[in-house]
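Hi everyone, thanks for coming. I'd like to walk you through one protein model today, so please have a look at the screen.

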Amino acid sequence: MRRKLVAGNWKMNMTIAEACAAVEAFIDAVELRHMVDVVICPPATALHSIFQLVRKSHVALGAQDAFWMEKGAFTGQVSVTQIAEAGASFCIVGHSETRGKFGKLEVTPETLSFFAETDHTINLKIRTLIYHDIAPILCVGETLAEREAGKTDEIVRAQLVGALEGIEPAELMKLSVAYEPVWAIGTGKTCDSDEANRVCGMIRDQLNSLLGEEIADSARVLYGGSVKASNSKELFHQPNIDGGLVGGASLDPHEFSEIVRHA
Ligand code: PGA
């Protein structure tokens, strides 16, 4: 039986002081929720300080991204060694805001130039995370145009294949996949829970055919995209949804602890 996992992606929000205050409020609220794995992904600047607060609790620390090279002339990047040293045991990889869409619903040459991450760079990051024993939370999902063209399954499958290509199944025991339709992120438009359940089931089938039954059974498949306290119960009750990747609603300790309670 897979444990549910709820991860809060704080994106580029919160100073270190604000982040610590939010975590202190949040830890008290989730103290009794030991049945759920909870991960906080603050900005890189707050990782180390937050680790000091969560290290004795059952709340784990995650980074929002990490670069695959060990060190060198990569201005502005943070390596996997550095996030591990700061205390992270999870890392989001391939979020639509780092795949070049930058929170926009469609990719344009302007938005692509922000990060321009590809399936290939995502694959390199996953390999590096595994090497450092950090659990990857791989994000996949289609844009609105891709959904309207009936390409959701095709796009999600291709993202999974590209991200996981050539990696030994035995190395992916800590993998989670978050289905995050781009059109539902930060827009208040949640994917219908039946449809989210269907796509999450398709992701598990795909993991089965790519990596075998053991990984398909162990990997948590999350839903992300405008998850809130008010819709999380219905989403988390779906048989193929093992939890959530929560953006905006994870910034409010009370709202986030309600979401964890629903898991
Ligand atoms: P949201 O973001 O919950 O604010 O829609 C989710 C995410 O980007 O992971």
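This is a predicted model: local features need pLDDT of at least 70, side-chain atom pairs count only at pLDDT 80 or more; totals for chains, interfaces and linings use all residues.

Residues are numbered from 1 along each chain as its sequence is written, and side-chain values use heavy atoms, with hydrogens and water left out.

Now the fold. The protein has 11 helices and eight strands. Helices here are DSSP runs of H or I with at least four residues, strands are runs of E with at least two, and both are numbered from the N terminus. The eight strands make a closed barrel in the order β1-β2-β3-β4-β5-β6-β7-β8, with parallel pairing. On average, neighbouring strands of this sheet are turned by 25° against each other, direction ignored; the axes behind that angle are lines fitted to C-alpha atoms, for helices over the stretch in contact, and angles run from 0 to 180 degrees between N-to-C directions.

As for overall dimensions, the C-alpha atoms fill a box of roughly 45 × 45 × 40 Å along the principal axes. Of the 263 residues, 51% count as buried, meaning under 20% relative accessible area; exposed is over 50%, and partly exposed lies in between (1.4 Å probe, protein chains only).

On to the charges. Side chains of opposite charge can pair when their charged atoms come close. Our rule for a salt bridge is a side-chain nitrogen of Lys or Arg within 4 Å of a carboxyl oxygen of Asp or Glu, and by this rule the count comes to 14.

One of them joins K125 and D65, with the closest N and O atoms 2.9 Å apart. This pair links distant parts of the chain, 60 residues apart: K125 sits in helix α5 (residues 119-131), and D65 in the loop between β3 (59-63) and α3 (80-85). Are these two partners buried or exposed? K125 is buried, with a relative accessible area of 6%, while D65 counts as partly exposed at 24%.

Which residues form a network of salt bridges? They are E142, R147, D153, E195 and R198. Within that group, E142 meets R147 with the closest N and O atoms 2.7 Å apart. E142 is buried at 0% relative accessible area, and R147 is partly exposed at 23%. D153 and R198 also meet in a salt bridge, at 2.9 Å from N to O. That pair again links distant parts of the chain, with D153 in helix α7 (residues 152-164) and R198 in helix α8 (residues 193-211), 45 residues apart. R198 is partly exposed, at 38%.

That brings us to α7. Its buried residues include I155, V156, L160 and L164. The buried residues of α7 pack against α5, β5, α6 (144-148), β6 and α8, with contact meaning heavy atoms within 4.5 Å. Just after α7, G166 takes a positive phi of about 80°.

That's my tour, and I'm happy to take questions.

How values were computed: Two strands pair if DSSP finds at least two bridges between them.
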